[in-house]
Amino acid sequence: MDYQVFVDEQIASIRETVGDGLAINALSGGVDSSVVTVLGHRALGDRLKTVFVDNALMREGEPQRIVDIFAGMGIPVELVDARAEFLNALKGLTDPEEKRNAVTSTFYRKVFADLVRRSGAKSLLHGTILTDIEETVAGIKRQHNILAQVGIDPKEEYGYQVLEPLATLRKDGVREVGRLLGLPAELAERIPFPGPALATRIVGEITESRLATVRAATTVVEEELGDSGAFQYMAVLLTDKATGIRDNRREFGQIIVVRCIESVDARTATAVELPWDKLRRICERITSIDGVNRCLYDLTSKPPATIEYV
Ligand code: XMP
């Protein structure tokens, strides 16, 4: 595929579809929404409003970091603090599907819906890619970012149309387009990160303190495995606890699972055979996090496991 032709065609098509109206899009910092943001700004300039919603489930420092990177490319992004809404919606939930639904509906039905309404935009740019559509059709995923899955017909409910300029590309194609558009490598080469963010890495209830634990463990894993070349790596917090000893005292502590996988397209995956020294160092750093006294390495392939835990 000639990606330059693809870019030119998509820019022309966005311009034509949006006409002289306003458009809006939500940037998550993932490759797909980052590419859509740059593409949309090339097509529409300041007639595209881009928002970054802080849902309380992000990695350490992520919201401001993403806003800063886009500012560096001359693209203004509005940072919206919706942490309280998401934490409230998640309160008391332990079932994986209920948690995912809470995140998705808080985003689409509440926070983003309000932003769209207030912006006056009649078009919404969305980073759906071909794999999302295929997995949804195949019934593998119900969590991917497709509005219909949460029962929303945008035209009917909000009077806006949805544009999906990346719907014919897979991840490798999206990265190619990102490079072509001058997206910094930090974004174009990013490992996948799920839309519901750290909510997919906390088994059981999501609270601020449990988020702080998994966030700290995520920082360790990303620092230690950033140069591993693996497809994806993550830290997961379990609900089980285990007995340990700290400062000569018995402690009933948290358990963090580290997962590092090789994969081509996330449809299947195998655990990476990491060097023992690396694993030991990760374990030492993770068990220094407050309240965590065990660190496990997950050897499971997909299938039968999925990549995320929730
Ligand atoms: P699973 O856990 O289903 O994950 O094996 C496959 C790939 O998809 C990512 N993932 C998501 N991405 N929204 C996304 O944009 C989601 O809700 C979501 N859930 C999982 C996961 O990180 C892995 O790369």
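Phe107 and Tyr108 are both buried, where buried means under 20% relative accessible area, exposed means over 50% and partly exposed lies in between, computed with a 1.4 Å probe on protein chains only. The model is a predicted one, in which local features need pLDDT of at least 70 and side-chain atom pairs count only at pLDDT 80 or more, while totals for chains, interfaces and linings use all residues. Residues are numbered from 1 along each chain as its sequence is written, and side-chain values use heavy atoms, with hydrogens and water left out.

**Aromatic rings**

- The structure holds two aromatic pairs, and in the edge-to-face one Phe107 and Tyr108 lie 4.9 Å apart from centre to centre, with 90° between the planes.
- The stacked pair is formed by Phe107 and Phe112, at 5.1 Å centre to centre and with 15° between the planes, and both Phe107 and Phe112 are buried.
- Rings of Phe, Tyr and Trp (its six-membered ring) count as a pair if their centres lie within 6.5 Å, and planes under 30 degrees apart are called stacked, those over 60 edge-to-face and the rest tilted.
- Through these ring pairs, Phe107, Tyr108 and Phe112 are linked into a cluster.
- Elsewhere, the charged end of Arg59 sits over the ring of Phe193 at 3.7 Å from its centre, a term that requires NZ of Lys or CZ of Arg to be within 6 Å of the ring centre and within 35 degrees of the ring normal.

- Ala113 is found in helix α5, residues 96–119, and counts as buried at 3% relative accessibility; helices (H or I, at least four residues) and strands (E, at least two) are DSSP runs numbered from the N terminus.
- Leaving out residues up to four places away in sequence, Ala113 touches Phe107, Tyr108 and Tyr158, where contact means heavy atoms within 4.5 Å.
- Between Ala113 and Gly229 there are 116 residues of separation in sequence and 38 Å in space, taken from C-alpha to C-alpha.

**Helices**

- In helix α6 (residues 130–137), the buried residues are Thr131, Asp132 and Glu135.
- These residues cover an arc of only 105° around the axis, which puts them on the same side of α6; the arc is that of the directions from the helix axis to the C-beta atoms.
- The axes of helix α1 (residues 3–18) and helix α8 (residues 171–180) come within 10 Å and cross at roughly 80°, the axes being lines fitted to C-alpha atoms, for helices over the stretch in contact, with angles that run from 0 to 180 degrees between N-to-C directions.
- The contact is made by Tyr3, Gln4, Phe6 and Val7 of α1 together with Gly173, Glu176, Val177 and Leu180 of α8.
- α1 and α8 are therefore roughly perpendicular to each other, a label for angles of 65 to 115 degrees, whereas those under 35 count as roughly parallel, those over 145 as roughly antiparallel and the rest as oblique.

**Backbone features**

- Most residues other than glycine have a negative phi, and most peptide bonds are trans.
- Ala197, which is not a glycine, has a positive phi of about 55°; this residue lies in the loop between α9 (185–188) and α10 (208–225) and is buried, with a relative accessible area of 1%.
- Ala266 has a positive phi near 75° and is found in the loop between β7 (249–262) and β8 (270–271), where Ala266 counts as partly exposed at 21% relative accessibility.
- The peptide bond from Lys302 to Pro303 is cis, with omega near -15°, and a cis peptide bond also joins Pro303 and Pro304, with omega of about 10°.
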